[in-house]
Amino acid sequence: PKAQPFALTETERHEIEHELGHYPDGRAASIGALKIVQQHRGWVPDEAIAPIAEMIGISAAELEGVATFYSLIYRRPVGRHVIKVCDSISCFLTGYEEIKTSLEKNLGIGMGQTTTDNRFTLLPICCLGACDKGPTMMIDDDLHGDLTPQGISTLLEKYA
Ligand code: FES
């Protein structure tokens with residue numbers, strides 16, 4: 001069968017329209033629009049950029065720039081749980097490297113990769129605003145601070 005051309009769903013279009021209503025122009029709504037598509041698909045495929053850009057009235061290149069710059073927009077499929085490890089200065093100084101190594105060992109993947117069972121994706125992120133709790137990371141919407149390399153495996157067990 002021929003692959004269906006990419007199209008935003010009714011729901012996505014509806015939610016993007018709604019988002020647009022909250023902003024003075026499309027540029028201001030761009031992150032919100034990308035997030036809507038990500039909420040429905042888990043990530044934002046390349047083919048989604050042009051139709052979203054058209055809806056909000058900016059160029060595809062400009063939207064692509066936003067999507068690439070903004071690290072919470074995933075441009076590739078991600079696992080069921082997304083781990084984002086803070087690599088900014090405070091966390092770097094309090095043990096980022098050790099946490100990263102422990103995560104990579106426990107998961108058997110490197111930064112930017114997804115486990116073969118699709119359970120976890122490991123990504124770097126900049127300051128999570130909890131510098132006094134460094135080293136920190138987010139798993140999905142949960143912030144975890146004061147991490148230790150030894151504590152990582154127990155923490156991961158909570159995310160099936
Ligand atoms: Fe990691 Fe601020 S540097 S939370």
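The chat below goes through the helices, the sheet and a few local features of a predicted model.

User: What secondary structure does the protein chain have, how many helices and strands?

Analyst: This is a predicted model. The protein chain has seven helices and four strands.

User: What pattern do they follow along the sequence?

Analyst: Reading along the sequence gives α-α-α-α-β-α-α-β-β-β-α.

User: And what box do the C-alpha atoms fill?

Analyst: Roughly 50 × 40 × 25 Å, taken along the principal axes.

User: Helices then. At what angle do α3 and α4 pack?

Analyst: Helix α3, residues 46–56, packs against helix α4, residues 60–69, at an angle of about 110 degrees, and their axes are 8 Å apart. The two are therefore roughly perpendicular to each other, since angles of 65 to 115 degrees count as such. Their crossing is right-handed.

User: Which residues make that contact?

Analyst: From α3 they are I49, A50, I52, A53 and I56, and from α4 they are A60, L63, E64 and A67. By class, the contact of α3 with α4 has eight nonpolar residues, no polar ones and one charged.

User: How do α2 and α3 cross?

Analyst: The axes of α2 and α3 come within 10 Å and cross at roughly 140 degrees. The crossing of α2 past α3 is right-handed.

User: Which residues are in the contact there?

Analyst: G26, S30, A33, L34 and V37 of α2, with A48, I49, I52 and I56 of α3. The contact of α2 with α3 divides into seven nonpolar residues, two polar and no charged.

User: What about α2 and α4, what angle and axis distance?

Analyst: About 60 degrees, with the axes 10 Å apart. α2 is thus oblique to α4. α2 passes α4 in a right-handed crossing.

User: Which residues meet between those two?

Analyst: R27, S30, I31 and L34 in α2 meet E62, L63, V66 and A67 in α4. The contact of α2 with α4 counts five nonpolar residues, one polar and two charged.

User: R27 and E62 are both on that list. What do they form, and how far apart are the closest N and O atoms?

Analyst: R27 forms a salt bridge with E62, and the closest N and O atoms are 2.3 Å apart. R27 lies in helix α2 (residues 26–41) and E62 in helix α4, so the pair ties together parts that are 35 residues apart in sequence.

User: How many salt bridges does the structure hold?

Analyst: Five salt bridges.

User: Switching to the sheet. What is the strand order?

Analyst: The four strands form an open sheet in the order β2-β1-β3-β4, and the pairing is mixed. The edge strands are β2 (120–125) and β4 (142–144), each of which pairs on one side only. From one strand to the next the twist averages 20 degrees.

User: How many bridges join β1 to β2, and do the strands run parallel or antiparallel?

Analyst: Six bridges join strand β1, residues 81–86, to β2, and the two run parallel.

User: What is the bridge partner of C86 in β2?

Analyst: I125 in β2 is the bridge partner of C86.

User: Which strands does helix α6 lie across?

Analyst: Helix α6, residues 96–107, lies across β1, β2 and β3 (137–139). Its direction is at about 155 degrees to β1.

User: Now backbone details. Where is the cis peptide bond?

Analyst: A cis peptide bond joins G134 and P135, with omega at about -5 degrees. P135 is found in the loop between β2 and β3.

User: Which phi does D140 have, positive or negative?

Analyst: D140 has a positive phi of about 55 degrees, although it is not a glycine.

User: And where is D140 found?

Analyst: D140 is in the loop between β3 and β4.

Methods. Residues are numbered from 1 along each chain as its sequence is written. This is a predicted model: local features need pLDDT of at least 70, side-chain atom pairs count only at pLDDT 80 or more; totals for chains, interfaces and linings use all residues. Side-chain values use heavy atoms; hydrogens and water are left out. Two strands pair if DSSP finds at least two bridges between them. Axes are lines fitted to C-alpha atoms, for helices over the stretch in contact, and angles run from 0 to 180 degrees between N-to-C directions. Contact means heavy atoms within 4.5 Å. Angles under 35 degrees count as roughly parallel, over 145 as roughly antiparallel, 65 to 115 as roughly perpendicular and the rest as oblique. A crossing is left-handed if the near helix is turned anticlockwise from the far one by less than a right angle, and right-handed if clockwise. Ala, Val, Leu, Ile, Met, Phe, Trp, Tyr, Cys and Pro count as nonpolar, Asp, Glu, Lys and Arg as charged, and the others, Gly among them, as polar. A salt bridge is a side-chain nitrogen of Lys or Arg within 4 Å of a carboxyl oxygen of Asp or Glu.
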